[in-house]
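Student: Could you walk me through this model, one question at a time?

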Amino acid sequence: MRWPKPWPRTAGATARVENGNRTRTLRKMLTMTTNYLHVTQGFEVLTKVLASYVTQELQVTYGEHWWEQGVIDVLYDNQKRDLPTDGNDEILTSTLDVARCLRLIDLHWRDLFGSKLKREHRTWLNELIDTRNKWAHQGSLDMPNDDAWRALDTMTRLVEPMDSQATKKLREIADEVCEMTSESLEARGIEKTRISSSRNRRKRVNKKTTEAGYKNRNNQTVIRKTDLPGNDHNQRVYILQCEECFHNYGANGSDIWLRKCPNCQGGADGLPY
Ligand SMILES: [Zn+2]
């Protein structure tokens with residue numbers, strides 16, 4: 001007597017293959033959306049900072065009519081759809097999403113924010129309005145590394161005068177994207193130098209802020225690390241050089257990315273080395 005082919009074995013084999021495929025697909029989906037998730041996390045931080053900053057500034061200018069005169073009268077119809085007409089301040093603030101906050105700063109630029117923020121901030125917030133639209137309509141493909149890093153870098157710059165904790169948090173998220181970028185480039189065997197482009201902000205994607213040769217936005221370049229302890233928690237002193245006046249000075253590793261020259265840019269005094 002011949003036994004029929006035991007179907008469970010075949011089914012089992014098929015199930016294993018399917019599972020394998022599913023795991024691979026899942027893994028692929030996870031890596032594919034990582035940048036998107038980092039940017040999402042960035043927008044969450046940004047929203048909190050901007051909503052309270054915008055509220056605070058509008059309250060100073062419009063007093064108790066801040067919502068009616070500063071928000072409702074100013075936003076375009078499609079932007080204020082679904083917004084409450086009044087309520088307590090906390091609830092009103094919580095209805096300001098990132099797109100509305102960015103728009104409000106832009107719309108109140110002349111009468112209010114232009115005197116508090118620098119012109120660059122307006123450029124950055126307009127860039128972020130764009131990023132936010134792309135982010136909201138992201139398909140199943142992940143955001144490119146460069147775009148994600150740039151979005152987070154721009155958020156960091158925008159919130160710097162508003163909230164130091166949030167600035168630090170955003171910088172950390174941006175650094176995670178930065179590390180991922182270096183890893184994935186290495187994995188693909190692409191030399192980092194080949195990726196550099198004319199966009200000088202992009203060059204920094206491939207260098208850690210403490211790496212010799214890293215240049216921050218203020219043209220301060222890392223020369224080398226020393227063994228001396230810095231004056232911040234767990235920090236070492238790094239020697240930086242200002243590319244404007246060639247002054248050398250010491251700085252904590254954690255401060256490098258935002259350091260200004262103590263000699264020609266009014267930055268804090270350098271640490272001894
Ligand atoms: Zn200098």
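Tutor: Happy to! Two strands pair if DSSP finds at least two bridges between them, and strands are DSSP runs of E with at least two residues, helices runs of H or I with at least four, numbered from the N terminus. This is a predicted model, in which local features need pLDDT of at least 70 and side-chain atom pairs count only at pLDDT 80 or more, while totals for chains, interfaces and linings use all residues. Residues are numbered from 1 along each chain as its sequence is written.

Student: Is the pairing in the three-strand sheet parallel or antiparallel?

Tutor: The sheet is open, with its strands in the order 1-2-3. Strand 1 (220–229) and strand 3 (248–252) are at the edges, each with a single partner strand, so one side of each has no neighbour in the sheet.

Student: Which residue of strand 3 stands opposite Y238?

Tutor: Strand 2 (residues 236–242) pairs with strand 3 over five bridges, in the antiparallel sense. Opposite Y238 stands A251.

Student: Are helix 2 and helix 8 roughly parallel or roughly antiparallel?

Tutor: Helix 2 (residues 34–62) packs on helix 8 (residues 145–159) at about 15°, with the axes 9 Å apart. Axes are lines fitted to C-alpha atoms, for helices over the stretch in contact, and angles run from 0 to 180 degrees between N-to-C directions. Angles under 35 degrees count as roughly parallel, over 145 as roughly antiparallel, 65 to 115 as roughly perpendicular and the rest as oblique. The two helices, helix 2 and helix 8, are therefore roughly parallel.
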